[in-house]
Amino acid sequence: MNAPQAPPRSLITRLGIPPTLAWGYLGLLLFMIGDGVESGYLSPYLSDRGIPDTRVALLFTVYGIAAAVAAWLSGVLSELWGPRRVMWAGLGIWGVFQLLFLILAIPMSSYPLMMLGYGLRGLGYPLFAYGFLVWIAGVAPRARLGTAMGWFWFAFTGGLPTLGSLVAGGLIPHIGAYATLWAALALVAAGGLIALLLVRDDRGARRPRGEGPTAALLGSVTILWRNPRVGAGAVVRVINTASQFGFFVIMPIHFTRTVGFGLTEWLHLLSAMFATNIFANLLFGVVGDRFGWRRTIAWFGGAGCTVSTLLLFYVPTAAGANFPLALVVAAFYGATLAGYVPISALMPSLEPQHKGQALAALNLGAGASTFVGPAVVTLFVGPLGVEGVVWIFAGMYAVSCVLALFLKLPGSPGPASEAGDEASSGAPVRTPA
């Protein structure tokens with residue numbers, strides 16, 4: 001008698017997306033499109049309104065500090081409240097402070113109100129996005145965790161800044177830069193409501209039993225030195241997108257004023273850069289599950305970004321406003337940023353007994369990158385110029401390549417062994433006899 005056949009898996013399951021969270025991925029994409037609308041033009045827009053470039057950089061730095069705090073709290077609060085409540089908090093904060101920024105700060109050209117409205121709005125998107133990241137980590141099977149995380153970053157970077165910049169490039173010529181910021185608010189609201197109202201997975205509302213609030217908060221910090229690999233992984237995650245957020249401050253000005261591109265051309269370059277990135281996120285999620293999370297991060301991410309960061313500056317600077325050539329190096333930079341995607345699967349696996357704390361450390365690194373990048377620009381663009389800042393970012397990527405090689409999983413005999421890579425794909429880990 002033949003054994004009963006298992007029911008065919010749905011297309012969503014075969015793609016590596018947890019089926020109960022599918023609407024959440026769509027909502028995240030729309031939310032991040034809205035969040036990313038401003039990324040390619042807010043810096044020159046504020047500069048044109050009379051805000052000095054150093055003050056613009058400081059504004060982005062304050063925004064990044066708020067984002068770093070919220071990113072850390074997203075993991076901690078998700079353990080205490082459940083991811084769904086954390087995402088609601090992020091949506092509410094984003095909407096309230098965007099209204100303050102649009103209704104009062106910009107019309108009055110008030111820098112203190114910009115600091116308050118835009119700076120505190122930085123708390124919003126990490127609570128929403130990284131709350132959903134914790135949700136995915138609790139739902140996706142380990143053997144497909146890298147792929148599920150690849151889809152997360154596909155949605156995340158699909159919006160910020162890829163489609164967000166494309167939306168800005170399409171809307172600004174027709175409705176103006178200020179009205180485009182209102183359109184961003186509408187997109188964020190739509191995405192947030194889709195994710196929070198249509199996802200029915202009840203694991204988003206659960207709060208794990210055990211640790212109280214104080215222990216959870218302390219544990220999410222002490223894990224950085226209790227498990228040095230988690231601490232090193234957090235540093236790698238900081239480095240991953242530090243240049244991206246730093247480039248948001250200086251590259252629009254450099255490409256439009258020094259290289260010679262128009263604003264629309266720069267926005268198209270930015271969209272192409274991260275269009276490549278979103279598909280590379282999927283690719284490296286799958287590659288990481290097969291080739292090994294650690295090796296993918298080190299070689300495709302760290303080593304790749306070391307080279308691509310330098311090319312992104314030197315090729316357009318030498319060739320001038322050559323759009324096809326700039327497009328190639330922009331796409332290469334976007335692709336290498338995606339080499340770090342497996343860090344989202346690796347980090348909770350480094351501390352399997354405290355996954356929430358490990359994800360809090362990961363999210364802290366992700367949030368910290370949003371102010372480390374602009375802070376590097378603020379501190380060094382004056383004495384070293386754009387070229388010096390680019391070399392600093394390239395050096396940071398080289399350091400991350402070395403650090404990534406030591407992020408072995410529990411039970412792996414050595415930092416350069418293949419055992420951690422086998423664990424990442426679900427294969428049994430061999431230990432010495």
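How much space lies in the second largest pocket? About 190 Å³. The model is a predicted one.

## The second largest pocket

Thirteen residues would be a lot to track at once, so start with the centre: of the 13 residues that line the second largest pocket, D53, T54, I250, V377 and V381 are the closest to its centre. Three helices, α4, α11 and α16, each bring at least two residues to this lining. The largest share belongs to α16, with 5 residues.

What classes of residue make up the lining of this pocket? The lining has 8 nonpolar, 4 polar and 1 charged residues.

## The largest cavity holds about 170 Å³ of space. Its lining has 20 residues, and the closest to its centre are W153, T157, R237, N240 and T241.

Which helices each supply at least two residues of this lining? They are α7 (124–139), α8 (145–175), α11 (228–259), α12 (263–291) and α16 (355–404). Helix α11 gives the most, with 5 residues. By class, the lining of the largest cavity divides into 11 nonpolar, 8 polar and 1 charged.

## N240, a residue beside the largest cavity

N240 is among the residues closest to the centre of the largest cavity. N240 lies in helix α11. Is N240 buried or exposed? N240 is buried, because its relative accessible area is 6%, and the cut-off for buried is under 20%.

Leaving out residues up to four places away in sequence, N240 touches L337, Y340 and Y397.

## The second largest cavity

The second largest cavity has a volume of about 140 Å³. It is lined by 13 residues, and F60, Y63, Y118, F245 and F248 are the closest to its centre. Four helices each supply at least two lining residues: α4 (53–81), α6 (111–121), α11 and α16.

What is the make-up of this lining by class? The lining of the second largest cavity has 8 nonpolar, 2 polar and 3 charged residues.

## The nonpolar cores

In soluble globular proteins, nonpolar side chains tend to be buried together. In this model, the largest nonpolar core has 127 residues. Y125 and F152 have the most contacts inside this core. Helix α16 provides the largest share of the core, 16 residues.

Which residues does F152 touch, not counting residues up to four places away in sequence? F152 touches Y25, L28, A129, Y130, F132, L133 and I136. There is also a second, separate core of 9 residues. Its members include V76, L77, L127 and A360.

A disulfide is a covalent bond between the sulfur atoms of two cysteines. How many disulfides does the structure hold? The structure holds 0.

Take C305 and C401. The cysteine sulfur closest to that of C305 is in C401, 10 Å away, so the two are too far apart for a bond. The cut-off is within 2.5 Å. C401 is in no disulfide, and its nearest cysteine sulfur is that of C305. C305 counts as buried because its relative accessibility is 0%. C401 is buried too, with a relative accessible area of 10%.

## Around helix α6

Most residues other than glycine have a negative phi. S109 has a positive phi, near 50 degrees. Where is S109 placed? S109 is in the loop between α5 (83–108) and α6.

L113 is found in helix α6. Not counting residues up to four places away in sequence, L113 touches L104, A105, M108 and Y118. Y118 is also one of the residues closest to the centre of the second largest cavity. How far is L113 from L407? Their C-alpha atoms are separated by 43 Å, and the two residues are 294 residues apart along the chain.

Methods: Residues numbered from 1 in each chain as written. Predicted model: local features only at pLDDT ≥ 70, side-chain atom pairs only at ≥ 80, totals over all residues. Heavy atoms only, no water. 1 Å grid on protein atoms, 1.4 Å probe; cavity = no way out; pocket = protein on both sides within 12 Å on 5 of 7 lines; lining within 4 Å. Points joined across faces, edges and corners; volume = space filled by probe spheres on them. Nonpolar A, V, L, I, M, F, W, Y, C, P; charged D, E, K, R; others polar. Buried < 20%, exposed > 50% of the residue type's maximum accessible area, 1.4 Å probe, protein only. Core = buried A, V, L, I, M, F, W, Y, C linked by side-chain atoms within 4.5 Å. Contact = heavy atoms within 4.5 Å.
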